[in-house]
Amino acid sequence: MTPQSTFMIVATVSVGQLKKLRDLLGAMNKIPGHADPENALIPFCKFDQLHFARFVIIEANTAHEIREFGVNPRPWRPALAFLGDVDGDMHAFLADLVNNAEPGLKAIFSHCEDFSEENLDMLQWLQAHDIRPNANYVNWLGRTVKQIREEVILHQTLSRYLQEIAHDVDWEDIRTVRQKLLSHVEMEKHKGRLTLSLPEPTSREWKIRNLFHLLGVPLILLILSPLLLIALPFFALRLRMLERSDPELFIRPSYEHVKVLSVQEDWDVSNQYSVFGDVKPGLFRLLTFKFILMLTNYFARHVYNRGFLARIKTIHFARWVFMDNNHRVFFASNYDGSHESYMDDFINKVGWGLNLTFSNAVGYPTTTWMIKEGAQREHAFKYTQRRHQIPTEVWYKAYPGLTAVDLARNSRIRQGIEIRQENDAEIREWLRLI
Amino acid sequence: MKKTSDFEFNDLQGLLRFGYGGLTDTCFMLLDVVNVDMAREWLSTAPISSGIKASSLPDTAMQIAFSKEGLSALEISKTIIDGFSDEFIYGMVRSDNCSRRLGDVGHNAPKSWKWGNNAVPHVLLLLYAKQGGIDAWRKTVEDELFKKAFRLIRLLPTTDTGGNRMEPFGFEDGISQPTIDWALRQGTDPHERDRYSNLLAAGEMVLGYKNEYGQYTERPLIDPAKDPLAEHLPNAEDDPTLKDFARNGTYLILRELGQDVPGFWQFLDKVSDSEPNKREKLAAFMVGRERDGTPLIAEHIPGVSRKDHGNNFTYDLDANGVHCPISAHVRRANPRTGDLPSGVTGFISQLIRILGFGQKNHDADLVASSRFHRILRRGRSYGPTLSPEEAIQPDAPIAERGLQFICLAANISRQFEFVQNSWIINSKFGGLQQESDPLLGDREPLLSGENTDQFNHLDSLGAKQKVCHLPNFVTVHGGGYFFMPGLRALKYISSLTTKGSHNES
């Protein structure tokens, strides 16, 4: 298995360079916000291990909101973030990236501070500017871009062939139908038109690290549990105090802002989402936020890595990142469907989870006991998430037209090729997938 | 309030409560205001029908709604207009993004609409009358004052329904409608509503009341200190110091949809090898009901009267779409889903499902909970009737046929636009592949080139049967968003004076 990893290169944009940078990034696009996969700067299509990538100019448009808490906003200068999700080690990807797109990277990052082309080791520079997510979600651990593409071809091949033979086969004799399909797959493989590669062996280092994480986090929590238990009543008391006193900001986003965001949306079956805001002031909120994200990361890594994040099956990748010395938080996701349906999922399916994390962020609607209300305060929630959303200048998805559900289905079709179904009912179920 | 009769029906336009099915004749007019003072004068005495149930069927009825342009033309202050939702303010053709989401692309693109693409007419006036009575009613309404106040922009074609609810393709229409909880009795706690229920919070359909989230939908509220005229408006329930301009009002969504009836039946006939039974069966699969409205699913669900055969079912026991294909039009338009996937028996199983586990079916739980996405349909069809048997003839008479699709909802974005986008147009609805709504789909391929013009259903053996290359059966000819005010708000609109600066502080 090839586990996925992430990168997020962040650098402050030089004074006076913002517009030029935005224009340059815009030139990478084919349609608003969507990268031309073959663009000259970073030809994303050349990287077979890259699932998603985006360039975002992170601006603190909502920084003033923290004044409601009696705190002065911290200064923030627009920063360019280049982030993506890749198969295998992200360092290997960055090296590959520099090999194939160094001039493009230079052209882009030359608009940033702390970048000088003299004596520059591009790879080192990227690595030095990479920041790690506090929580990361991968829809299906180990499913590579290569696998996705092979399985798409498998699905198309089977679908076409099934349509061809549909009228000539006896549907009562379902085993023969399956046999025909299996033979066809073998034939296509033989002709070199279809490949179904075996997964790479999982690296021993990753396995050990993963095992340590799997056992380590509960172990530490177990050791700390007496302390946590003692702290719990105080935590609950403080939490309710804050939930009662924290200001709720009910500010409708300007239509101009909504327009800038929506011009990039709904061109294809998936969309991107980038959001940036302040952590509520005080150590209590920060520690709570960090603790919840630590748990989120744990469950995403070890439990929710097979196609669903609680009840949501439409998120491909997502990450939560603390920035500005833990004063701010950035969230990015790649999801299927429209923004409105994404919000519907957020409110109705995983409102509790969203409340747990984002109730620690400025502007989030009031929660009770951290899981109730919050996102269900529909307008306050929809306003705040849209207000804090920032446009993504360039977005790349390696498999346009395919939802996470499509990808899972294609993998099940492939499984059906490799593991024979036991009875007729199972065969029919498998055939229905095609 | 615990009784239906306690509801302020006297302030409500009747369309929110009745479909006026008994008034078979209609005349739907799109108007522009040409003289503001006269328009107000006319409005001040216009007999707009309220939601009070009369002892016998009235001879006529009249309903009115305004576009944002209409409210501006009537000099409603910008502060009030800004209190409406973005969808209403900026309209149905507000952006390419909106058009993409609504499927208004390709042959449905606003550029080829007959109306509503450049400027939305100010007023939508809906006249209803008993059979044969519409001409006289229209004449009465269009008095001298009316003619000076308004200009007719477009007369939307409608046809006498003759008392049946048949839409042009030949199917009984308007069967599934939410039951509105006028008595405001039902709780909105999400944890009480695991399964589908047809009973809907009044705030989903009427502004100024709690919606399914227990919240008040955004709407214009007025400070009476700054606007003395607002004194007679109802109080805002969530803030009694303010007056609620939109209470007992709602949004009216109008789309003129042309239907190619010969095209529909001829295509079905072709792919059914001209076998009438097969053709009929396929048509029922596409619609999700037989032509007389009989659902393809037999089941009794709590909360729906056993007598209401047309609505007494969910799709819970038909997860794969064996009886009713997942892509069937009525299944898309109202998937009858609850808040949680089916199979919740107690607290533990509820918890398991909330956490995303315990699903037998891979494609389970892909569709949103229905109660947040309901609409009240009040459309009327137009064009000469054509039976399927006539329609399949190569010389079937060509005529303009279709539906004046009208629906009411308190939240355009979450209700109408969501249903149209995520359920109707979406080629990935419920885990489907390459299928958009068999009736309404725009058939445009995805950006990746993937087709969306299939219709799949399962045969008796459970094998998937594909129908490919569906042509367009429905074409959008126009549309717009309107606000249908409560009667006190209508009074407010008509009592403004041209100086009209009541609400400027």
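Mentor: Let's start with a term: a residue is called buried when its relative accessible area is under 20%. Keep in mind that this is a predicted model. Tyr335(A) has a relative accessible area of 0%, so it counts as buried. Tyr342(A) is buried too, again because its relative accessible area is 0%.

Now for how these two rings sit together. A pair of aromatic rings is described by the distance of the centres and the angle of the planes. Over all chains, the count comes to 56 aromatic pairs. Take Tyr335(A) and Tyr342(A) from that set: their ring centres are 3.8 Å apart and the planes meet at 0°, and since planes under 30 degrees apart count as stacked, that's what this pair is.

Ring pairs join Tyr335(A) and Tyr342(A) into a cluster with Tyr273(A), Phe289(A), Trp320(A), Phe322(A), Phe331(A), Phe346(A) and Phe358(A). One member, Phe322(A), has a charged neighbour as well: Lys290(A) lies over its face, at 5.2 Å from the ring centre. There's another such contact in chain A, where Arg240(A) lies over the face of Trp369(A), 5.5 Å from the ring centre.

About 790 Å² of it is made by Phe291(A) together with Leu219(A), Ile220(A), Leu222(A), Ile223(A), Leu224(A), Leu227(A) and Leu228(A). Helix α6 of chain A, residues 204–245, gives the largest share, with seven residues. Leu222(A) is in that helix, and its 61% relative accessibility is why it counts as exposed.

Key: Residues are numbered from 1 along each chain as its sequence is written. Chains are lettered from A and ligands numbered from 1 in the order in which they are written. This is a predicted model: local features need pLDDT of at least 70, side-chain atom pairs count only at pLDDT 80 or more; totals for chains, interfaces and linings use all residues. Side-chain values use heavy atoms; hydrogens and water are left out. Patches are made of residues with over 30% relative accessible area and no salt bridge: like charges are joined within 9 Å, nonpolar side chains (Val, Leu, Ile, Met, Phe, Trp, Tyr) within 5 Å. Accessible areas come from the Shrake-Rupley method with a 1.4 Å probe; for residues, only the protein chains shown count as cover. A salt bridge is a side-chain nitrogen of Lys or Arg within 4 Å of a carboxyl oxygen of Asp or Glu. Helices (H or I, at least four residues) and strands (E, at least two) are DSSP runs, numbered from the N terminus. Buried means under 20% relative accessible area, exposed over 50%, partly exposed in between (1.4 Å probe, protein chains only). Rings of Phe, Tyr and Trp (its six-membered ring) pair if their centres lie within 6.5 Å; planes under 30 degrees apart count as stacked, over 60 as edge-to-face and the rest as tilted. A charge sits over a ring if NZ of Lys or CZ of Arg is within 6 Å of the ring centre and within 35 degrees of the ring normal.
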